[in-house]
Amino acid sequence: MPQPARRPRPRRLLTALALAALALLGPALLVVGQLGVAADEALAASGDRVAGTVVEASDSQRASQRDVVVAYRGYDGVERTVVAKSDHEQVARAGDAVEVAVDPADPDRAVVLGFESGWTPVAGMGVVLSAIAVLIAAIALVTRRARVRSRSGRAASGRPATPSQP
């Protein structure tokens, strides 16, 4: 009598889909974040320098919320703002003078010198998601190997294998 076709288990399918999403999203965020950081570093090295003033600074314990808003005036005379990330050692207060590197071709594109790129958290999230994907894959692999060894050990000893649950 032919065996009925095995249907994929919903839990395994969801785990596989989540792992695939993490495996794709993590490295994608890492690459995009690193490209953004590299572009900001290139602008910091080659952009026109203008004076800026801190207009708002968040002093949060959470790194993702440590933003510094800086106002600057481009060579076209228009006042603009740019947001940068600060680390725990940096103390910025409203009214502090800072230096801003501005793209001469696009004065809306600027970076605050001495502060982190706004792309740094994106790259960091890519690292975290990639690590989670690797951890889940390793756990799934170890668990699967343990199940296969258990089944083959039972078959060799002559004991009946327990039926798998749907």
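I started with Val-102 and looked up its bridge partner in S5, which is Ala-110. The model is a predicted one, where local features need pLDDT of at least 70, side-chain atom pairs count only at pLDDT 80 or more, and totals for chains, interfaces and linings use all residues. Numbering starts from 1 along each chain as its sequence is written, and side-chain values use heavy atoms, with hydrogens and water left out.

**S4 and S5.** I found 4 bridges joining S4 to S5, and the two run antiparallel. They form a hairpin with 2 residues between them. For my own record: strands pair if DSSP finds at least two bridges between them. Helices (H or I, at least four residues) and strands (E, at least two) are DSSP runs, numbered from the N terminus.

**The whole sheet.** I wrote down the strand order as S3-S2-S1-S4-S5, an open sheet of 5 strands with antiparallel pairing. Strand S3 (79–85) and strand S5 (106–112) are at the edges with a single partner strand each, so one side of each has no neighbour in the sheet. On average, neighbouring strands here are turned by 45° against each other, direction ignored. Axes are lines fitted to C-alpha atoms, for helices over the stretch in contact, and angles run from 0 to 180 degrees between N-to-C directions.

**S2 and S3.** Next I checked strand S2 (residues 67–73), which pairs with S3 in the antiparallel sense over 7 bridges. Val-70 stands opposite Val-82 in S3.

**Helix on sheet.** Helix H1 (residues 10–46) packs on the sheet and touches strand S1 (48–57), strand S4 (97–103) and S5. Its direction makes about 100° with that of S5. Contact here is heavy atoms within 4.5 Å.

**Overall layout.** I counted 2 helices and 5 strands in the protein, running α-β-β-β-β-β-α from the N terminus on. Of the 166 residues, 25% count as buried, meaning under 20% relative accessible area with a 1.4 Å probe, protein chains only.

I then looked at the second largest pocket, with a volume of about 230 Å³. Of its 16 lining residues, the closest to its centre are Asp-40, Val-111, Phe-115, Glu-116 and Ser-117. A pocket is an open set of points on a 1 Å grid where a 1.4 Å probe fits, with protein on both sides within 12 Å along at least five of seven lines; lining residues have an atom within 4 Å of a point. The volume is the space filled by probe spheres set on the points. H1 gives the most to this lining, with 4 residues.

Technical notes. Buried means under 20% relative accessible area, exposed over 50%, partly exposed in between (1.4 Å probe, protein chains only).
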